[in-house]
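Take a look at the model below before reading on. The report then walks through some helices and the contacts between side chains.

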Amino acid sequence: MKGRKPELRADPDALDDIKPPGWLSSFAKAEWERVMPELSDRGILTAADLGSLENYCIATGRIRELEYLLRSDFKEKKAIDPKIFRMQDKAMTTARQLA
């Protein structure tokens with residue numbers, strides 16, 4: 001895209017700081033609590049955006065969960081399933097796209 005990016009303006013229907021859904025993993029909730037204050041301050045998050053925010057937090061949480069699993073398996077000198085690396089890579093791609 002060429003040219004300047006449009007200025008972000010606060011949406012009159014923007015949501016205030018809301019709590020993460022209870023069903024999110026602890027890692028996903030931590031990401032929600034990290035990004036929600038900033039989104040709330042910008043006044044750009046609406047109800048229509050919540051699904052994307054949830055998916056972003058799930059993907060980011062999954063990255064951290066898989067990293068935790070990889071590190072614990074490595075410390076315990078367990079064989080690491082190569083599928084975990086592919087799962088983590090896919091979650092990283094998804095989180096980047098949603099961000």
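Lys83, Arg86, Lys90, Arg96 and Gln97 are exposed residues of H3, on the face turned away from its buried side. This model is predicted. Now turn to the other face. The buried residues of H3 are Ile84, Gln88, Ala91 and Ala95. They sit on the same side of H3 because they cover an arc of only 60 degrees around the axis. H2 is part of what covers the buried residues of H3.

How many residues does helix H3 have? Helix H3 runs over residues 82-98 and has 17 residues. From its first C-alpha to its last, helix H3 reaches 25 Å. That is close to the 24 Å expected at 1.5 Å a residue.

## Thr60 in helix H2

Thr60 lies in helix H2, which spans residues 50-75. Is Thr60 buried or exposed? Thr60 has a relative accessible area of 8%, so it counts as buried, the cut-off for buried being under 20%.

Which residues does Thr60 touch? Leaving aside residues up to four places away in sequence, Thr60 touches Glu31 and Ala95. Ala95 is one of the buried residues of H3. Glu31 is buried too, with a relative accessible area of 1%.

## A salt-bridge network around Glu31

Side chains of opposite charge can pair when their charged atoms come close. The count here comes to 4 salt bridges. Glu31, Arg34 and Arg64 are linked in a network of such bridges.

Start with Glu31 and Arg34. Their side chains meet in a salt bridge, 2.8 Å from N to O. Both residues lie in helix H1, 3 residues apart, about one turn of the helix. An α-helix has 3.6 residues a turn, so residues three or four places apart point the same way. Arg34 has 52% relative accessibility, so it counts as exposed, the cut-off for exposed being over 50%.

Next comes Arg64. Arg64 forms a salt bridge with Glu31, with the closest N and O atoms 3.0 Å apart. This pair links distant parts of the chain: Arg64 is in helix H2, Glu31 is in helix H1, and they are 33 residues apart. Arg64 is partly exposed, with a relative accessible area of 33%.

Where do Glu38 and Arg42 lie? Both are in helix H1, 4 residues apart, about one turn of the helix.

Glu38 counts as partly exposed, at 42% relative accessibility. Arg42 counts as partly exposed as well, at 44%.

## An aromatic pair

A pair of aromatic rings is described by the distance of the centres and the angle of the planes. The structure holds 1 aromatic pair. Phe27 and Tyr68 form this pair, which is tilted. The rings are 6.4 Å apart centre to centre, with 45 degrees between the planes. The pair links distant parts of the chain. Phe27 is in helix H1 (residues 26-42), Tyr68 is in helix H2, and 41 residues separate them.

Which of these two residues is exposed, and which is partly exposed? Tyr68 counts as exposed, at 58% relative accessibility. Phe27 is partly exposed, with a relative accessible area of 29%.

Conventions: Residues are numbered from 1 along each chain as its sequence is written. This is a predicted model: local features need pLDDT of at least 70, side-chain atom pairs count only at pLDDT 80 or more; totals for chains, interfaces and linings use all residues. Side-chain values use heavy atoms; hydrogens and water are left out. Helices (H or I, at least four residues) and strands (E, at least two) are DSSP runs, numbered from the N terminus. Buried means under 20% relative accessible area, exposed over 50%, partly exposed in between (1.4 Å probe, protein chains only). Contact means heavy atoms within 4.5 Å. Rings of Phe, Tyr and Trp (its six-membered ring) pair if their centres lie within 6.5 Å; planes under 30 degrees apart count as stacked, over 60 as edge-to-face and the rest as tilted. The expected span of a helix is 1.5 Å times one less than its number of residues. The arc is that of the directions from the helix axis to the C-beta atoms.
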